[in-house]
Amino acid sequence: MAGVPYKLSCVLYGHKSDVRAVAATRNGCIVSGSRDKSAKLWTPNSTNAGFSESQTLLGHTNFVSSVCVLQPHGSHKLGLIITGGNDRNIGVFTPESPTPLCVLKGHGSTVCGLSPGIEEGTFLSASWDLTAKLWKAHGNDSPLMSLSGHEAAVWAVIQLATTKTIVTGSADKNIKTWTSTGEPLRTLKGHSDCVRGLVATSDKEFLSCANDATVMYWNAESGTCLATLYGHTNYIYSIAMIEGESFVTSGEDRTLRVWRLADCVQTIHLPCQSVWSVAVLPNKDIIAGTSDGLVRVFSADPSRCASPEILAKFEEEVANINTVAEKEIGGVKISDLPGKEVLVKPGRSDGQTKLVKEGGAAVCYSWSAASQEWTKVGDVLGATSGEKQLYAGKEYDYVFSVDVEDGKPPLKLPYNKNEDPWVAAQRFIHDNHLSQLYLDQVANFIVTNSNKTDASPLPQFSDPFTVHSTEIRTSISPSSAVELNMTSALANYATEAESGKERCPSKPYFPQKIYLRFDQANLKVILEKLHELNCSPGDRVNQVSEDQLEGLVKMADPTSSIQPSHVDVLKQLLEWPSEIVYPVLDIARLAVRNQEVNTAICSGQIGDQLIGYLRRFLLPTSPKANQMLSLRLVCNMFAHQDGVNLVLKHRDYLLSTLVDLVPPCHKNVQIAAATLILNLAVAFNRIPNPLGQIQTVSTASTVLPRLTDPEAQFRTLVALGTLLWDMDQPDSRAKLVHCVKNTPALPTLLEQWACSSSIEQQHAKVANCSAQVVALLDM
């Protein structure tokens, strides 16, 4: 290996945002990919150790997340440059042209990893869509092979020489090996967090790095972990071989680390938050792509090191950023913060946050009631002074500096102590045109980073359909603010969620996983009304005895045992005239929660007969009470499988009925209709049905602009989000998105709700959920 220590050689300026990926060519050029949607080719200068920008590669419509270089082959005497983006596309470029030779489509989400294949002209790609693929760089628009098996985003993929074994690393914390034909070989377990990078050390062995801050050394044939290496204090994003048994890593702890065998022989601190990517030139110089939009080159050869003046300035920049990190957090010294041992104790409520000390830095964790674990939110970098801060011509108690994952430099968030944190967060989102999905994350940062190191801003609640966001916000007391960096949490949210699906930093309202029911009832009042109507003058053909009525009401208990005669009475009373049948519908609505009743009246021909009864009550001219109770009855059918099957069997009729009933209508009918749409979305979330999904999305899109009740609007939005969230097939998802976007007035309406500047005037859940749906539609 080249001698150490490495020192700064040069800095390459040109990108307008984070440099997420770097690679080196065989002739000593550098390729960089950035969140500014471009990649650049840099060629070495002939007169000094620097580089000059020789090409800007364009074509991506979103961040460039990954790059790799293919060596010269065939007619491509200068090789090829491959780029992967958040737009799901792969660009194939020649060094001579800024436009792609071809664009390869096939992934359903961000292409976050690229590497050359062993066969000439081939390469591999890794994606958040849970797959890795093998491609021919030209002459074939479809992948040669697709590897599926991971349960979360695939972040890295490489191919080993000789055996041509393929290795993939994923956010499911696992590494998998595959044959050259795509057959799975082994699953290698060892990392405790997302696997971010892979590099081969020989034909049979490789290294992996992960968000658990470790490097692991593996034998691919046996699946054995040969060593675990420690040194980084935060996420490790990238790893590259230098030569022999030496390699380099980069991570969220602002460092490059040079390793020889199992020892970290040098730590290079950089004046930025994230060192996203690392690569090595043929002369063994190290390339680093960083969150400040720069490419830096480091050399161990004194003849290529920067001048003493430049090196001194670089060290000063590093010292300044470290000084910021060492400041107090809201008046509390970082040295006084507790360690991670406090996270052994479960949190008290969902959203509770704690500040802990990790490797000398302050880190924020949030308690997830759903997963019953503390999840890392991000690094807290220091505090502003207690004096008033001047921002945009106004004085504020504090000014945040927030780094977000949307290709922008750090943004300023002004905050006064007497403000509601949610109001300050909302203003910040609107002023900077950010997704509404950041609301809770930004607000909780404000709450957390006060003089208290243990804050519980959100009370525990279980039903988002009955608790309003505005009610939760009023329980928050203002706190002081600190200077924050949210890159870890916001830039890497796809690595943290089940199946790599979480696309936002704050937990969205969807996908909804359980069916909603209408359970509330006053059985005494219902029984009295049944007695009254049963004894009323008129047609007595369907009159029943008092004992039969008593037995009928017992069916409303979900746990009671029923007699066949009780079902017969229910069927008989459903023949009552429309103007008096409503208490019978109410009993039926409660009764289908009982599994015996559900099976008895929802199965086979009897189930079809029940739907026939309901057709009479679901006409646009039917009494509103009958419409509402009939829809509530259908919603409660989802309590058991026979009822689910019956609803799905008749979904065409039911969905068309909803379109007829909502032009608009009474708010209780709206809520019942929206709940039926939501339950259908849950059903198709559990067992995908492309036709049923598009039918439900179509109905929801048609009905939503007609709804006037906020709760009905909210439930329909959650249904749309649930159907869009878990749709992995690109073609099917495109159809759903097309359906929503082509519904007259709906896209504009969603944008209006999402961008409502006054959450007091707009139902908060509707505004937030609309923003989340808009975010899904734009992905």
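Reader: At what angle do helix α10 and helix α11 pack?
Author: Helix α10 covers residues 595–602 and helix α11 covers residues 604–617. Helices here are DSSP runs of H or I with at least four residues, strands are runs of E with at least two, and both are numbered from the N terminus. An axis is a line fitted to C-alpha atoms, for helices over the stretch in contact, and angles run from 0 to 180 degrees between N-to-C directions. The two axes are 5 Å apart, and they pack at about 85 degrees.

Reader: How is the chain numbered, and what is left out of side-chain values?
Author: This is a predicted model, where local features need pLDDT of at least 70 and side-chain atom pairs count only at pLDDT 80 or more, while totals for chains, interfaces and linings use all residues. Numbering starts from 1 along each chain as its sequence is written, and side-chain values use heavy atoms, leaving out hydrogens and water.

Reader: What is the word for the arrangement of α10 and α11?
Author: Angles under 35 degrees count as roughly parallel, over 145 as roughly antiparallel, 65 to 115 as roughly perpendicular, and the rest as oblique. The α10 and α11 pair is therefore roughly perpendicular.

Reader: Is glutamate 596 buried, partly exposed or exposed?
Author: Glutamate 596 is found in helix α10. Its relative accessible area is 39%. Buried means under 20%, exposed over 50%, and partly exposed in between, with a 1.4 Å probe and protein chains only. So glutamate 596 is partly exposed.

Reader: Which residues does glutamate 596 contact, leaving aside its neighbours within four places in sequence?
Author: Serine 561 is 35 residues away from glutamate 596 in sequence. In space, the two are 7.5 Å apart, C-alpha to C-alpha. With neighbours within four places set aside, the contacts of glutamate 596 are Ser560, Ser561 and Ile562.

Reader: What is the bridge partner of threonine 122?
Author: Strands β11 and β12 run antiparallel, with five bridges joining them. The partner of threonine 122 lies in β12. That partner is lysine 136.

Reader: Is leucine 130 buried or exposed?
Author: Leucine 130 sits in the loop between β11 (122–127) and β12 (131–136). Its phi is near 80 degrees, a positive value in a residue other than glycine. Its relative accessibility is 17%, so leucine 130 counts as buried.

Reader: What is the relative accessible area of lysine 164?
Author: Lysine 164 lies in the loop between β14 (154–159) and β15 (166–170). Its phi is also positive, near 60 degrees. Lysine 164 is partly exposed, with a value of 28%.

Reader: Which residue stands opposite leucine 41 in β5?
Author: β4 (residues 39–44) and β5 (residues 51–57) pair in the antiparallel sense over six bridges. They form a hairpin, with six residues between them. Opposite leucine 41 stands glutamine 55.

Reader: Which residue stands opposite valine 248 in β24?
Author: An open sheet of four strands runs in the order β22-β23-β24-β25, with antiparallel pairing. Its edge strands are β22 (236–243) and β25 (263–269). Within it, five bridges join β23 (residues 246–251) to β24 (residues 255–260). Valine 248 faces valine 258.

Reader: What share of the residues of the protein chain is buried?
Author: The secondary structure comes to 20 helices and 37 strands. The protein chain has 779 residues. The share that counts as buried is 59%.

Terms used:
Pairing = 2+ DSSP bridges. Contact = heavy atoms within 4.5 Å.
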